[in-house]
Amino acid sequence: MAFRMNEQTAVNNYFQEKLEITNAEINRKAQYEFDTFVEVLRSHGVEVIVVEDTEEPDTPDSIFPNNWVSFHRSGTVAVYPMFAENRRRERSESIFEVLESKGFQIDTVLDYTSAEEQGLFLEGTGSILKDRVNQKAYCALSERAHEELFIEFCEDFDCFPVLFTANQTVNGERKPIYHTNVMMAMAENFTVICLDAIDDKKERKNVVDHLKKDGKIVIPITETQMHAFAGNMLQVIGSNDKRLMVMSTQAYKSLRQDQIGMIDQYCEIVHSPLDTIETCGGGSARCMMAEVFLPKTQE
């Protein structure tokens, strides 16, 4: 792993901050946080496939694989166009080979990366939040989430698109949030969302209406909680088909007791400290996990 603050993503990821320590120390701390995170997940019965990074090429954000690839129940893999040039180097077919060696079946690869030539981007499940139960997809438009590409994705995967713009305050200005998944998390029964980030009242109402129509419990978080990565969580399956809501320790500590109580009704909360990764990378627990929904190969 060669993790450090990525200067190419910092231009529109306002969650990133500089740490006054060497890149080697940042990488050492991040490696420890990553390894601990994997151990915590496995201790709860989550199947975790770790793909070892290489020193070359330089890929400081490879710890966040969910942005360049997604794996679907149909046996389809989607590969996405990335905003930062150095993040495009993360794309590697070797990951597909690892999954196939674990018994997963890949039938089709949908490659959207040619959009990079037109300066258009859609960064995987960072940009796209799928409600797999109700076949809808939510997307906060930004430099990293282009409307036409999102619509194309929804057509390819037969999803109803729910579009909106989400903003955060940066030095007194409202600026687009770089990824949908830092302000919104989708679980089977509920959605954690920073409604304060959706400035347009009609768009906010439309999002809430879709969620409530589909029977989702809406758990609002504040912008302060969002900046503690309370929107960047993911529901996974652990031992005995148990539903787990995975987040960072910082995110967990930012939640109020009533919010924790609402999540606890449906999931066990699992958290692990990711402070260095969050500070330098501007992403958290959800960004570190690319869920594998691929079917298993028939014996």
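**Close-up views of the predicted model**

The model is predicted, so local features need pLDDT of at least 70 and side-chain atom pairs pLDDT 80 or more, whereas totals for chains, interfaces and linings use all residues. Residues are numbered from 1 along each chain as its sequence is written, and side-chain values use heavy atoms, leaving out hydrogens and water.

View 1. Strands (E, at least two residues) and helices (H or I, at least four) are DSSP runs, numbered from the N terminus. Most residues other than glycine have a negative phi.

**View 2. Strands β4, β5 and β6 form an open sheet**. The order is β4-β5-β6, with mixed pairing (two strands pair if DSSP finds at least two bridges between them). β4 (128–131) and β6 (160–164) stand at the edges with a single partner strand each, so one side of each has no neighbour in the sheet. From one strand to the next, the twist averages 20°. β4 pairs with β5 (residues 136–140) in the antiparallel sense over 4 bridges, and I128 stands opposite C139 in β5.

**View 3. Helices α4 and α5 and the sheet**. Helix α4 (residues 147–156) touches β4, β5 and β6 (contact: heavy atoms within 4.5 Å), and its direction makes about 160° with that of β6. Helix α5 (residues 201–213) lies across β5 and β6, at about 145° to β6. Axes are lines fitted to C-alpha atoms, for helices over the stretch in contact, and angles run from 0 to 180 degrees between N-to-C directions.

**View 4. Cysteines C194 and C267**. The whole structure has 0 disulfides (cysteine sulfur atoms within 2.5 Å). The sulfur of C194 is too far for a bond because its closest cysteine sulfur, in C287, is 15 Å away. For C267, the nearest cysteine sulfur, also that of C287, is 18 Å away. C194 is buried, with a relative accessible area of 0%, and C267 is buried at 3%.

How values were computed: Buried means under 20% relative accessible area, exposed over 50%, partly exposed in between (1.4 Å probe, protein chains only).
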